[in-house]
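This report describes selected features of one protein structure. The sequence and the model are shown first, and the description follows.

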Amino acid sequence: METDCPTITISPATIPNPVLGVPLRADVHGQRRNGTAYTWSATGGLVAPLMWDASTATLSGTLRDSSETNLDIRATDANGGCGAS
């Protein structure tokens with residue numbers, strides 16, 4: 001049986017670029033549907049000391065060098081809906 005599961009809208013759609021030596025904290029949120037909880041994940045080139053906390057959907061840290069950071073953040077719900085930032 002096929003079900004039509006709407007896309008989860010994630011905000012912010014993009015996270016500001018980190019600035020060398022300036023602390024960054026970005027909280028990511030998803031638009032809730034029917035009270036369904038999300039599982040958060042992040043993939044890509046996260047450069048230490050920037051950290052992704054999947055339990056709080058937060059990216060934080062202070063960039064200490066000019067390494068490029070590309071990160072894809074995804075929310076998935078129990079119904080198979082997903083969204084990416």
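## Open sheet

Two strands are taken to pair if DSSP finds at least two bridges between them. The model discussed here is predicted. In this model, three strands form an open sheet, arranged in the order β2-β6-β5 with antiparallel pairing. Strands β2 (23-27) and β5 (51-53) stand at the edges with a single partner strand each, so one side of each has no neighbour in the sheet. On average, neighbouring strands of this sheet are turned by 15° against each other, direction ignored.

Strand β5 is joined to β6 (residues 58-62) by three bridges, and the two strands run antiparallel. Asp 53 stands opposite Thr 58 in β6. In general terms, strands of a sheet pair through backbone hydrogen bonds, either parallel or antiparallel.

## Aromatic pair

A search of the whole structure finds one aromatic pair. The partners are Tyr 38 and Trp 40, whose ring centres are 6.0 Å apart; their planes stand at 80°, so the pair is edge-to-face. The cut-off for this class is an angle of over 60 degrees between the planes.

Are these residues buried or exposed? Tyr 38 is buried, with a relative accessible area of 11%. Trp 40 also counts as buried, at 13% relative accessibility. The limit applied to buried residues is under 20% relative accessible area.

## Loop residue Gly 80

Gly 80 lies in the loop between β7 (70-77) and β8 (82-84). Its relative accessible area is 53%, and Gly 80 is therefore exposed. Gly 80 and Thr 7 are 73 residues apart in sequence, while their C-alpha atoms are 9.3 Å apart in space.

Note on methods
Residues numbered from 1 in each chain as written. Predicted model: local features only at pLDDT ≥ 70, side-chain atom pairs only at ≥ 80, totals over all residues. Heavy atoms only, no water. Helix = DSSP H or I, 4+ residues; strand = E, 2+ residues; numbered from the N terminus. Axes fitted to C-alpha atoms, helices over the stretch in contact; angles between N-to-C directions. Phe/Tyr/Trp six-rings, centres within 6.5 Å; stacked < 30°, edge-to-face > 60°. Buried < 20%, exposed > 50% of the residue type's maximum accessible area, 1.4 Å probe, protein only.
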